[in-house]
Amino acid sequence: MSSQRSLEEKQPWIPKKERIWVFGAMAVATIYVIWQLWSLFHLPSTTLHNRRFEHTFKDYGSNARIALFVVLANYVLAFIIKQRIWGKLAILKKGLVMLLRIVKKYHTSIAILAIALITLHAVAVFMYGFKWDFNNISGLLAVIVLLPVPISGLFRYRRLDKKWHLRCGLAFAVLFLIHAFL
C-alpha cells in the first residue's frame, strides 16, 4: 500500500499544467530546426562564404537574444520583487508580480525555442567558417555551458537539481552577454 502511495505522490518530470506548452514548443522547435537545417545544407558553397550568409547566422543569434532576454527576465523580476524597496511603490510591485507570472508560465517554452535558435546559429557559424577569435570562443564557451541547463531544468521540476539549473543558467547568461555585446 505504501509503495502505491509513493507512486501516486511521485511528481512527473514535467507538470501537467506545463506539458502542452513544453511539448508544443518542442514540436515547433524541432520542425523549425529541421526546416532551417535543410535550407542551410542546400545552399551553394559560394553562398556560405558570402557577407549575406553572415547576416543569416547573425539573424539566428539576434532572435535567440530576444528570446533569452524573456527567459532571463524570470530571474531578474524575481530578484527585483524580493527587494525591500516597495513601500510606496506597491502598485508597481503588483504589476511586476503579474509580469513575473506571465514570464514564469512561458519560461520553459521560450527557452526551448531559444535553444533551437542557438543551435541554428552555431551550425551556421561553423558552416561560414569558425575562426579562433574572441567572439567565436566566447560563443563556443556559452554553448558548452548551455548544455547542462535543459537537463538540470528537468531535474528542477522534481526539486533534484540542487540549484544547478540556476548556476549554469547564470553562467550561460554571463557568457552570452559577453558574446553578444563585446
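Modeller: One definition to start: helices (H or I, at least four residues) and strands (E, at least two) are DSSP runs, numbered from the N terminus. This is a predicted model, where local features need pLDDT of at least 70 and side-chain atom pairs count only at pLDDT 80 or more, while totals for chains, interfaces and linings use all residues. Residues are numbered from 1 along each chain as its sequence is written, and side-chain values use heavy atoms, with hydrogens and water left out.

Colleague: How many helices and how many strands are in the protein chain?

Modeller: Read the elements from the N terminus: α-α-α-α-α-α-α-α. The C-alpha trace spans about 65 × 50 × 25 Å along its principal axes. The count for the chain is 8 helices and 0 strands.

Colleague: What percentage of the 182 residues count as buried?

Modeller: Buried means under 20% relative accessible area, exposed means over 50%, and partly exposed is in between (1.4 Å probe, protein chains only). For the 182 residues of the protein chain, the buried share is 32%.

Colleague: Where does Trp-13 lie, and is Trp-13 buried, partly exposed or exposed?

Modeller: Look at the loop between α1 (2-9) and α2 (16-41), where Trp-13 lies. The relative accessibility of Trp-13 is 37%, so the label is partly exposed.

Colleague: Which residue forms a salt bridge with Glu-54?

Modeller: A salt bridge is a side-chain nitrogen of Lys or Arg within 4 Å of a carboxyl oxygen of Asp or Glu. The whole structure has 1 salt bridge. With its closest N and O atoms 3.2 Å apart, the pair is Glu-54 and Lys-58.

Colleague: How are α4 and α5 oriented to each other?

Modeller: Axes are lines fitted to C-alpha atoms, for helices over the stretch in contact, and angles run from 0 to 180 degrees between N-to-C directions. Under 35 degrees counts as roughly parallel, over 145 as roughly antiparallel, 65 to 115 as roughly perpendicular and the rest as oblique. Helix α4 (residues 51-82) and helix α5 (residues 90-128) pack at about 150°, axes 6 Å apart. Therefore α4 and α5 are roughly antiparallel.

Colleague: Which hand has the crossing of α6 and α8?

Modeller: A crossing is left-handed if the near helix is turned anticlockwise from the far one by less than a right angle, and right-handed if clockwise. Helix α6 (residues 134-146) and helix α8 (residues 164-181) pack at about 165°, axes 8 Å apart. That makes α6 roughly antiparallel to α8. Their crossing is left-handed.

Colleague: What is the phi of Lys-163?

Modeller: Most residues other than glycine have a negative phi. Lys-163 sits in the loop between α7 (148-157) and α8. Lys-163 is not a glycine, yet its phi is positive, at about 65°.

Colleague: What separates the C-alpha atoms of His-49 and Gly-129?

Modeller: His-49 is in the loop between α3 (45-48) and α4, and is exposed at 58%. Along the chain, His-49 and Gly-129 are 80 residues apart. Their C-alpha atoms are separated by 7.6 Å.
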